[in-house]
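Look at the model before reading on.

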Amino acid sequence: MSDTAHYRFQSDQARRLARQVTDAAVREKLLEMADEYGRYADLIEARSIEPAPVEAIAH
């Protein structure tokens, strides 16, 4: 499992668990965790995409 897939999986798990708990504070914390995992996966994906060389953009 790639790093991105791992963090997406963790995000999904936190969201699923948040839907199951009745305590509002716990649910909110789980949703915050899910968002953080998702942002981290986005960051990993963004860093893995190599930008086009400047010469290719200029033409």
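## The model

This is a predicted model, in which local features need pLDDT of at least 70, side-chain atom pairs count only at pLDDT 80 or more, and totals for chains, interfaces and linings use all residues. Residues are numbered from 1 along each chain as its sequence is written, and side-chain values use heavy atoms, leaving out hydrogens and water.

## Helix α2

Helix α2 covers residues 24-48, 25 residues in total. Helices here are DSSP runs (H or I, at least four residues), numbered from the N terminus. From first C-alpha to last, α2 reaches 36 Å, close to the 36 Å expected at 1.5 Å a residue. That expected span is 1.5 Å times one less than the number of residues. At the start of α2, a side-chain oxygen of Asp-23 comes to within 2.9 Å of the backbone nitrogen of Ala-25.

The buried residues of α2 are Leu-30, Ala-34, Gly-38 and Ala-41. Buried means under 20% relative accessible area, with a 1.4 Å probe and protein chains only. These buried residues pack against α1. An α-helix has 3.6 residues a turn, so residues three or four places apart point the same way.

Ser-11 lies in helix α1, residues 3-20. Its relative accessible area is 7%, so Ser-11 is buried. Beyond neighbours within four places in sequence, Ser-11 is in contact (heavy atoms within 4.5 Å) with Ala-34, Tyr-37 and Gly-38.

Ala-41 sits in α2. Ala-41 counts as buried because its relative accessibility is 0%. Residues up to four places away in sequence aside, Ala-41 touches Thr-4, Tyr-7 and Arg-8. Ala-41 and Tyr-7 are 34 residues apart along the chain, yet 5.6 Å separates their C-alpha atoms.

Technical notes:
Helices (H or I, at least four residues) and strands (E, at least two) are DSSP runs, numbered from the N terminus. Buried means under 20% relative accessible area, exposed over 50%, partly exposed in between (1.4 Å probe, protein chains only). A polar contact is a pair of N or O atoms within 3.5 Å; within protein, one must be able to donate a hydrogen and the other to accept it, and residues adjacent in sequence count only if both atoms are side-chain atoms.
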